[in-house]
Amino acid sequence: MKNLTLRQLRVFDALAETQSHSAAAQRLGITQPAVSMLVRQLEADAGLPLVIRRGRRMDLTSAGTVLLQHARAMLEHARRIDETLASLRIGMQGH
């Protein structure tokens, strides 16, 4: 998945948690079409369906479940990077 972005991972995580494109969009402060577009891009990059749409709700496919596990780990790593860099910035202010 050479074009993977943290934004896509955040959207996918929110979608998996809310099981709704609209609810994920609301949670993230973006539009429902933006959620749909980002998930379609993820599916195109993966070459596999990640979600099964059931009207306004959805379920993850097995590939979606695997991606979600890795996405959450990557998002946690990104959060730790932000925290570490913030600590370094605070430390640099005293020099």
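**Close-up views of a predicted model**

**View 1. The largest nonpolar core of this predicted model.** This core comprises 19 residues, and those making the most contacts inside it are Phe12, Leu15, Val35, Val39, Val51 and Leu67. Two or more residues each are contributed by helix 1 (6-18), helix 2 (21-28), helix 3 (32-46) and helix 4 (62-93), with helix 1 providing the largest share, six residues.

**View 2. The surroundings of Val51.** When residues up to four places away in sequence are left aside, Val51 touches Phe12, Leu15, Val39, Glu43, Met58, Asp59, Leu60 and Thr61. Among these partners, Phe12, Leu15 and Val39 are also listed with Val51 as residues with the most contacts inside the largest nonpolar core.

**View 3. The salt bridge between Asp13 and Arg72.** The whole structure holds seven salt bridges, and in the one shown here the closest N and O atoms of Asp13 and Arg72 are 2.5 Å apart. Because Asp13 belongs to helix 1 and Arg72 to helix 4, the pair ties together parts that lie 59 residues apart in sequence. Asp13 counts as buried, at 17% relative accessibility, whereas Arg72, at 38%, counts as partly exposed.

**View 4. A salt-bridge network of Glu76, Arg79, Arg80 and Glu83.** Arg79 meets Glu76 in a salt bridge with an N to O distance of 2.3 Å, and these two residues, three apart in helix 4, are separated by about one helical turn. Arg79 also forms a salt bridge with Glu83, at 2.2 Å between the closest N and O atoms; here the residues are four apart in helix 4, again about one helical turn. Partly exposed positions are found for Arg79 at 36%, Glu76 at 28% and Glu83 at 44% relative accessibility. Through shared partners, salt bridges join Glu76, Arg79, Arg80 and Glu83 into one network.

Terms used
Residues numbered from 1 in each chain as written. Predicted model: local features only at pLDDT ≥ 70, side-chain atom pairs only at ≥ 80, totals over all residues. Heavy atoms only, no water. Core = buried A, V, L, I, M, F, W, Y, C linked by side-chain atoms within 4.5 Å. Buried < 20%, exposed > 50% of the residue type's maximum accessible area, 1.4 Å probe, protein only. Contact = heavy atoms within 4.5 Å. Salt bridge = Lys/Arg side-chain N within 4 Å of Asp/Glu carboxyl O.
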